[in-house]
Every structure is written in C-alpha cells, then in structure tokens.
Protein chains: 4
Amino acid sequence: MIIVMQHGASKEQVDHVFERITSIGLRYQAIYGEERVVIGVIGEEDLIRTLPIDAMPGVERSFPILHEFRLADREWHKEPSEVTVDGVVFGGTKVVVIAGPCAVENEAMLVETAERVQAAGASMLRGGAFKPRTSPYTFQGHGESALAYLAEARSATGLPVVTEVMDTADIELVASYADVLQVGARNMSNYSLLKKVGKLGMPVLLKRGMASTVRELLMSAEYILSNGNMKVILCERGIRTFEDGTRNTLDMSAVPAIKSMSHLPVIVDPSHATGRSAYIASMSKAAIAAGADGLMIEVHPNPEEAISDGAQSLTLDQFDQLMRELGPIAAAVGREI
Amino acid sequence: MIIVMQHGASKEQVDHVFERITSIGLRYQAIYGEERVVIGVIGEEDLIRTLPIDAMPGVERSFPILHEFRLADREWHKEPSEVTVDGVVFGGTKVVVIAGPCAVENEAMLVETAERVQAAGASMLRGGAFKPRTSPYTFQGHGESALAYLAEARSATGLPVVTEVMDTADIELVASYADVLQVGARNMSNYSLLKKVGKLGMPVLLKRGMASTVRELLMSAEYILSNGNMKVILCERGIRTFEDGTRNTLDMSAVPAIKSMSHLPVIVDPSHATGRSAYIASMSKAAIAAGADGLMIEVHPNPEEAISDGAQSLTLDQFDQLMRELGPIAAAVGREI
Amino acid sequence: MIIVMQHGASKEQVDHVFERITSIGLRYQAIYGEERVVIGVIGEEDLIRTLPIDAMPGVERSFPILHEFRLADREWHKEPSEVTVDGVVFGGTKVVVIAGPCAVENEAMLVETAERVQAAGASMLRGGAFKPRTSPYTFQGHGESALAYLAEARSATGLPVVTEVMDTADIELVASYADVLQVGARNMSNYSLLKKVGKLGMPVLLKRGMASTVRELLMSAEYILSNGNMKVILCERGIRTFEDGTRNTLDMSAVPAIKSMSHLPVIVDPSHATGRSAYIASMSKAAIAAGADGLMIEVHPNPEEAISDGAQSLTLDQFDQLMRELGPIAAAVGREI
Amino acid sequence: MIIVMQHGASKEQVDHVFERITSIGLRYQAIYGEERVVIGVIGEEDLIRTLPIDAMPGVERSFPILHEFRLADREWHKEPSEVTVDGVVFGGTKVVVIAGPCAVENEAMLVETAERVQAAGASMLRGGAFKPRTSPYTFQGHGESALAYLAEARSATGLPVVTEVMDTADIELVASYADVLQVGARNMSNYSLLKKVGKLGMPVLLKRGMASTVRELLMSAEYILSNGNMKVILCERGIRTFEDGTRNTLDMSAVPAIKSMSHLPVIVDPSHATGRSAYIASMSKAAIAAGADGLMIEVHPNPEEAISDGAQSLTLDQFDQLMRELGPIAAAVGREI
C-alpha cells in the first residue's frame, strides 16, 4: 500500500503513521518528495487494510498495490482453469453455449427447447425457476415445479442444467436439481449467498452485478473460492450506463480484462446485456472473437408468448441459424463450438 | 401502455397486436399517424405487462403509462406517511438523525457513542452487526454478539436501534434485537429478503441500490408494502457514476423525486454517499434543505481506529458541532431537529 | 408524439393541449384510459417539438415517436451507404484499417509508421496535429508542421490521411492537408464545428462523445448531413462508466445499434476505448465479428517514447501480428481486410 | 508519481525505468516490497508526465501524486477567490442569483423577465443567444439580435448579463455585448475555446461537462487561468448517469469538493441539472446549504410558450416565491441573498 500524506502534513503526523504501521508488524519506507511525503508499506497487504489509513490525521489518500483477490488471481495460478460440468468443459478449446428460456414455463416448452438447442449444438440448458423481477406483481417463477421440469429436460436430452438460486434458504433445493447454480447479477454482492454456495462445492455461474467493476466481480468470486469451491464460471452480462438504447451496456473488454487478471473461465450473456434479440447474433460473434469461453443465450419456442424477457429471446430457428454462423468465428480464433 | 408499431408494419401485424390485447380482456384504441401506427391499451396495466409486447412481430417498442408501484404511490395516498419507531417519527416535522459507528466493535465504544450522539440530539442509533464487505478477507461484523451490544446501548440510552440484515436466515435473529431492520444497498434487489422482511411487519429502512433508479427503489419498497408492511423508510445513499473523487455520487434530487412520487419518508446517508468525512456537514445541511426527513451519519469515537469506514466517520466532537449547525437549516425549512 | 396527461388533469387542461396542437396546424387523437388521458399528435413531429409540451399545465410527460434524425435514418435510406476516400471504401466488403500514432511527433517516425502499417495491410494513416489534452501543461500537438508531415507520409505511401480538427478557425488549414477530417469525442456536441465541417463537404470521421448515446451521435451526424455533406463515417470509441479498469467502456453493441438505425458506416477505435494495448487485439477481433466497417488503431514505432497515449499504442510488430489474425475473422463474417 | 512494476518485472526493466527518470533530470526512490517494486519519482511532476511510463516494459501502472492543476489549486492559493462582475461579487458573503430565460426570444419578454427577477432579488441576467441543441432542426438561438436584446435589458435594469459562446469565431462578438462569457457543458473540453476565452480576460462562467469529473473541470479552468485570466466562476449543472427520472444527476457534493480543492467560486444550475421545474426550489435550497456561492435559474414569463427548456423553467411568480424562501437558508449558513 502507498500512503500519500497531505501537503504540509506535520512530522508528528508522519511519525504517527509510521507507528501505526509498525504496531501491526509491518515495515515501511518513506519518500520525501518536494511537496509531499509518500509512504510505502511493506508486507502482507491484507494486514494494512485492517487499518483505516485514510482516517489518520495528515493522510491525503492511500492506494493498494496488490490485488485484493488471491485464489482468483492469475499471478498465482498462471494457467487458465477449466471447470467441468458433467463432461462439459468451460475454459477449454470448445466454446460452450448455454441456451434456454428466461423462465421455465412448462414441461412441454422446456423439453422442446432443450431438444432443439441440443440439436443446434448447445451444450447446456438454462431456465429460471426463481425469477428476480423488479415488480412484485409480475411472474416470480414456478419454483420447485420448474426445477422438476429442468430435471425432466435433462433426462430427455442429457444436457446439464443451470438455474438461479436467489435465497440462502433455497440452496439445497436448487442444488438437488441443478448441475450448475447461477448467482444472478442482482445477487453478486449478496455475500451470505456467495459463502453458502461456496461451501456447497457445486459449480457456480457467477454473473457480474450491473454496477460492479471487474475487480469486484473477482472479489465476489473470491468469496466462493475461499470457501473451498474452485468451480466458478464468470459471466459478463452488461453494466448500467446512461445509454438507453440497450437494456444494459455489454462491457466486451471485460473478457480480456478477466483473462489477464484471473485464471477463471468467462462467458458472455448477450441476451441480458442488450435486451434486444436483434443484437444477439452480432454480440455473440463478438464475444467469441474477443476470447470468451462460452455464451448464455435466451431461446424460446415463441418469444411473443414468453412470460418474461420475450424481447431478448431468439426463436429456435434463429438460434439454429446463429449456431451455424458461430462456427467459423470460433475457428478463426482457434477454437470450436 | 402505448405500443409503437414499426414503420411499415403490416395490417396483419397490427391486427395481431389488437387480438392479443383483447384476448386478455383489455381494450385498445389505435392512432394512425403519417408514419406509424400507435396503439393505446386501455385497462389494468399490470395485465398488459404480462404480454411480451416488444417481442411481437412489427412492434418497435412500448411505453408504460402508469406507475408500476401502487401502495408506494402518492397518487393514491396523497398525504405523506409517518413511520413511528418507539416514539421516533419519520416523516413528521422533526428531522430524525440516526448516528453511530459503521460496525459495532465492542460494547464500550458503542455505549460511549450512543450516549454522546444522544446528548448531541440524535434520535436513533445505528451500528452494523453483519457487514457486507467487498473482500472475504476483511472484518465481516461481530454478528449476534454485536446485536447484544446494540441492545445494551439501547438500554443505556433509550435510543431505538437500526441494524442491517443480509440473509433471510438471520431475519428473526436480527429482529429480536433491532427496532428497525436495515436492507442495505447491495440487497435492494434481493427480493427474497424483501418479501420475508415485508411479512415480518417491523419497520424497515430500505437503502437505494447503487445502480438503481428512484423508480426501482419504489418498486423494491412495493415488495415490502405488498407483503403487508407499510412501515418503510427510504434512504438515498449515493449512486455509482464515473466521478471518482467521492465514493458514490449523492443524488440529492432523489429527495424531491421521492416526495413527488411517493408518500413514504426519505432520509439521506451522506457518509456512504461521499465516503469522505470532510463533505458530511455540507451534504447533511443540503439534505435537510432539500426536504429530507432525516439523516443517517457514521460517527466513531476514534475514526482512525475504526475497523471499517473510518474515512467517512465523524468524531464525536465533529458530530456535536454538526448538530448545532443543522438546527438553523431545519428551522429555515419549517422543521426542527 | 405521445402526450401523457397527469392523473386528475382537468378538462380545461386537456382542451388547452388540444388547442395548442391545432394552433400549429397539427391533428390529435385522444385516448381516455381509466386513469389518464393520453394524446397522440399526428403530423410532422419536428413541428410539435417546437412546443414546450412538458411545461403545459396538467401534462405529465411526452414521448417522441419518430426518430429526430432523418438523413441518417435507415428507414428512409434502406441500403447501407458507402463513403469513399481516395479509393478507400468505408461500408463495403473490405474492413478498413486506419493506423498510426496518436500524435505526429516528427517526419521520420511518421513515415516509418506509415510504411510499416501499409505493408501490414492498413488502408489509411492517422496522426494528431492538434491534440485535445486534459492539461494545458502537456503537449498540444505540433499543429501545421505536423499536417505537413502527414502530407509527406501520404506522398511516400499513397495512404490517405485522417487528422483531427478542434477549432472552427482551423478547418480550412486542416482540410488543405487531410483527406478525412476527424471530429473528436470531446467535440461531438460542438455544433458550430459540425455545421462548418458539414458545409465544407470533405469526408468526416465523427467520433462518439464519451457521454453521448447512439441516438445523439446520429443527431450530431445529422448536423453534418443537413449541411449538405453525406460523407460521414461514425466511430465508437468508448463511453464513460464507473468501470475504472479501462480508460473508457467500449460499447460494442453500438455497432449493431447504428447498423439498425442508420445507413452510415461505423468503425471502432479500440485504442481509446480501452486505453490498454493488451486489450486491443481482442477488441479489434470482436469489432469485426460484430459487423464494424473498420478499425482505427494507434501504432507507434516505440510506444514507450510516445509523447502521448503510449500505453494504448501497439508496436509495429504487434500491429503486423494483429493484422494477420484479423484476416480469418473478417472471412468468417463474409468480409476481407 | 508512483510507478508500480509488474509482479516478476526483471532487474533490467526496473533499471530501464530508473534510467528514463534520471534522463529527464528527475530523481527516484525504490521500495522493494515482497511482491513488487514500487518507484517514487521525485521532482516536477509535469516533467515525468511527459514520459509514457505505462508503456514501459515491466510497468503495471502509475499514479500521480500531485494535482495536475496549479493556478486553480487551493494548496497554493489558500484563501477563496472573489470574482467581481460590475459590482456583483462571486465568492463573497452574498449568494449571487443569476436568472433569466433559457433562450432570448424577443426584447419584450427579456426586459419583462429582467425587471421581475431583479425585483425579486436576482443580481444577474442570463439568456441564450447561441443555443447548443441536439437537433439541427430545432431553434438555434437568435444570435446577434439576441445579444442586442440582452444589452437592452441590461440598460433597462442595470443587471450584468451572462450568455454562452460556442464558437471561437464568435468570441469577440459575444464579448462586445456580455459581461460574463459562458462556456457551456458541451464545450468544457473544447480547449481551443478555453484558450481563446482565457486570452480575452473577461469573466468566464465555466460549466461542468456532463461526463467530466470535478478534477477535469478544474483542469479546464486551468486552461483559462494559465492564459492569464483569473476571473473564472465554476458551475455544477448535473452529470450523466443511469437515473432517467431527471435530465441529469445534480452532483451536490461537487460543491464541497471544489471548495476543498480550489479557491474558485462555484455556483449551481438546478434547472439543467434536474430538467424539472418542480425540483428547482428544493435543489436551490440544498445548493445554498451545501455552500454554493450562487445559483443560475431558468425563469420564463410563460414557460409553456418557451422556445426551449420550458419544462425546467420557473414562472416569474414561482421565482419570486423561491427567492423569499432562500433568504432564511442563506442566513442559516451565515450568508445573505
């Protein structure tokens, strides 16, 4: 950590900071510039973070030097990680495509969707049983019965399933049906949920919060990793900005950013990021070209009958067509789909 | 709801939209403009919201006309609401000041703080027992023992206490000690938590999420209200923007915005909004002048020893001084403090 | 335009709005919903925009229905436009790569860069003569002498050159050397500059402002187009968000958004968007996969000696390598490079 | 400046950075931490900023330590500055209120407005002659004739006038009529305009750009100051965020932030910040309570006839009423109005 003293900070103030640093067993080195004293703290940075440095008299501000995340850090785990779910590998050569409806509506539509997306080349099925909705008056998901339909669709196709868990009270229930637990964007900073999901040990798909930086996404992953679960797949799904032509703004540079900072696999969800089915093909191609390890795409047999998110769902035929177009892109970056 | 058809939408597409509207028992009226057909849907807007209008062929976009929130809506509850907590009234003439440390560290510091802020004029005590922290490696709060210290501080001073609940599994525990349950910014869209807190019936302090609009804050309040609990106090605590000189950007216009849209009381938290103790006095005055019903301020006997958020805490003396300065502002807007 | 009256608006207020609409020669149609009156205005929308509808008593808000841009609108010009600069076609099958240093530093470095990027496959040379810099104490560009070096580099290689104009007073000077005038992000809403550049008739590269929506970018283009100049190339170069791991946030979905709304060609500048040379390759590939018509990339013979923006410049060798990698991506979306 | 080397940077890379630092006459001091080498550069920071440090091999990132602005910096000019315009003092005890219409529409309305706002206590008149409008098809201001009306209104009332200049070509024309030149939000980073306005020496009202940080606002002020003009008044007028219930988000904490970093006076424009006349009174009070040196408020004799920005204008009576309410707030913070 680097501590910048205020212009005109007194010798007593500087000495006091020195003292606080050594009092917790760390060392320091001071640089006396022409206008300010700058102090470098040497040693375990987590330790110095326990001190409210910025509240000490005479301190202007402080900068961390080291990453706050460790288990997620590529510096210490130099090779990319692979997360395997029932034979499907995230982070390998093959780009993994997860497809399915926003919400599980009934068994028939789910099985039909599963069979069609599988035929088109998808490797995993998505579908919401518990839905986080802005309004309490709209459909909140079919809950456990939807989980059962997901299990049926898996039986029918062999596709592993990913579905969201929103409440710590539901973790075991959801885990008993799902192959991957999804922690949604709205819960990225729900640390209770992250800890409990971490302790369970099942693969987790962690979506970036809409007001969260990439660094904070990695810190949330660290909550899962530090509870003993290394099977974490990250997902960029758009952040909130002033641009109102799309539902969110897809931060495509999060893909190389995550790859450079972490070893964890990362996928992109163009459906939630854009909120518009017309942009999904373009953004799916871009994500693969950018180096993403996978895609999560909303597909519905009849989007205009969808209970939620119809406007951002592809039809089964559109998905077919998209999968055909993605092959050459994957090949162009040395991967397959 | 207003539905705008695409330029060149066919008669079949327009008729199909008509049909979908009438199929759920609503009426419509069409306006044939020079370039586009616009359709107004008449009737219960929640009903039309169940249809994925934007996914229908030929539809360009749709606009809601009515508020999605109802119980929070000032249109239907024209007088401002008061929420009373153990004799303390939010939304009345008196501006309520909640003060206390970010985290409850030990009983002695908490009781000292409670006594001093009470003497200075605060009406309620805050203090975190469960802390949402970005890093899993930093202090997460003392949990139940901190709750017990809060109860001690209440016994010593008579100040009601507000503290955060982060996990649905902890609601009953926290409720057994607290007078007001706080739902923090990171959990504003944790709908499971909102529903369960709503069912409990205790007063709730609901903080605005850092990427949430005022409208979404009111929708989250609606989750509590619609579960039968009308005792909701809203809190503006800063939103996330590109400005990096402050921790967040305090959206002061949220105060008149909430007042115009809703009857619920609203307070401002200048500590989290700015992250800098030097700006708290200025923002506290501004909040009262803007019409806020209260303030929530972090105060610590010794900020440079604080376990968390020292940089945004006032000392006890600074808080004393601030309270003296707030009186004339409150008087200038016809209130007291 | 759709006008939503307030809940409880009086008959007089509604009649007054009717009157104002008809007073400027337009027609209207009213929809009487259960809670509100909604008025559709029929006729030339620019006319109704001259009225301050939202300030009329009883009006809650109003929505435009039609695009405010016309000449840029794809509805009226259904085929994509091509902009040709000295044989280089933007918007055709070939993806155009513009490369060169952030600032023109001297003739030798510029000619060397031009020759190398041409050999690698670039079609146009970029280089700043007038530089918009946050600080008045940093390098502001070599001005006219830099323009002369650009002309030299063009003579040496045949590459057309694009360079920024910042001041209406410099337009003719810059135009006398450049093949394409660049209007930078900071000047996207400098309407005086846009008008004068529009009147000149030379090809213009218009960069998106960092706080501007795609719609506003198209409105700024409209300033150029409506002054008689149809040779406009748009450029996505990142917008300002809370994410601080990159210089800006590259809004990749602006590519399909622009393509769906407008016929104008659009290119992507991954150098300014990310501010990090390590992410340029990934974002360049993504941009082509997303459907961009070109790229603008900062290249410097020795980035660590660059006077400005070294951290986001590729070396000549890195650019070579990147161009080789882009070929297969272009082919995968049916284009060449 | 602090330079953080990458984890694993080689001795050669570190030595190379040392060399570059000393090659421009500066000194350095290195801190060898457990994981990284950190280098503090000692001496004139502007000098080190000329080197593209972040582009040097082995460098992870660099932090500035000193402010980039100097003449605006409160560290070197510890007392607040006053800017006097024809007897009106910005930065003194009296809170200065500037009022007037968004655009100058005709002489009668302007003189009427001037007389009424003067009677209500305003000290200066605003009015746009050149209007920056998103659409080229909307009213662009009456130009020079509007300037003449402003001069008439000044003659009639004695109120000094402030009006916007958008084009370097118009500076002398506008200066020949105005008492204060306004540089609008869209031109805050139009450095050519800033330089030329700086050279002129007239008082300048510099509005914060909607995507600009407070630090960048001060850097833009520095362009004016460093050209020899110390008469700069800053203006907070809202920044662009995701919140769409207001036109922009008024960053009220910019007031104490500017006061702590700079000696320049700062005013607030609640009209543009919120875009809603209903919120202006609340935000005006808050601005004064926060410590602002003045307000700029849009007032129109008949907002629903206004050519632009009617929805955010107060009527003359509303302005009267507001001025009466502001007095007690000013008194509560030891000022008058």
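**Cavities and interfaces in a predicted model**

Trainee: How many cavities of 30 Å³ or more are there?

Mentor: The count comes to four cavities of that size. Keep in mind that this is a predicted model.

Trainee: And what volume does the largest cavity have?

Mentor: About 140 Å³.

Trainee: OK, switching to interfaces. How many residues of chain A are in contact with chain B?

Mentor: 48 residues of chain A, and they touch 48 residues of chain B. The two chains bury about 4000 Å² between them, with 50% of that on carbon and sulfur atoms.

Trainee: Which three residues of chain A supply more of that area than any other three?

Mentor: Thr134(A), Tyr137(A) and Glu304(A), which supply 18% of the area chain A buries against chain B.

Trainee: How many salt bridges between chain A and chain B?

Mentor: Eight salt bridges. For instance, Arg240(A) pairs with Glu216(B) through their side chains, at 2.7 Å from N to O. There are also 25 residue pairs in polar contact between chain A and chain B.

Trainee: Which elements of chain A give two or more residues to that side?

Mentor: Helix 1 (11-23), helix 6 (191-200) and helix 7 (214-225) of chain A. By class, the side of chain A that touches chain B has 19 nonpolar, 14 polar and 15 charged residues.

Trainee: Now chain C against chain B. How much area do they bury?

Mentor: About 2400 Å² between them, 63% of it on carbon and sulfur atoms. On the chain C side, Ile31(C), Ile65(C) and Phe242(C) lose the most area to chain B, together 22% of what that side buries. In terms of contacts, 28 residues of chain C meet 28 residues of chain B.

Trainee: How many salt bridges across that interface?

Mentor: Two salt bridges between chain C and chain B. Arg36(C) makes one with Glu75(B), where the closest N and O atoms are 2.2 Å apart. The polar contacts across the interface of chain C and chain B come to eight residue pairs.

Trainee: Which strand of chain C gives the most to the side touching chain B?

Mentor: Strand 2 of chain C, with four residues. Strand 1 (2-5), strand 2 (27-32), strand 3 (37-42) and strand 4 (59-63) of chain C each supply at least two. Sorted by class, that side of chain C has 13 nonpolar, six polar and nine charged residues.

How values were computed: Residues numbered from 1 in each chain as written. Chains lettered and ligands numbered in written order. Predicted model: local features only at pLDDT ≥ 70, side-chain atom pairs only at ≥ 80, totals over all residues. Heavy atoms only, no water. 1 Å grid on protein atoms, 1.4 Å probe; cavity = no way out; pocket = protein on both sides within 12 Å on 5 of 7 lines; lining within 4 Å. Points joined across faces, edges and corners; volume = space filled by probe spheres on them. Contact = heavy atoms within 4.5 Å. Buried area = accessible area lost by both parts, 1.4 Å probe. Salt bridge = Lys/Arg side-chain N within 4 Å of Asp/Glu carboxyl O. Polar contact = N/O pair within 3.5 Å; in protein donor to acceptor, adjacent residues only side chain to side chain. Nonpolar A, V, L, I, M, F, W, Y, C, P; charged D, E, K, R; others polar.
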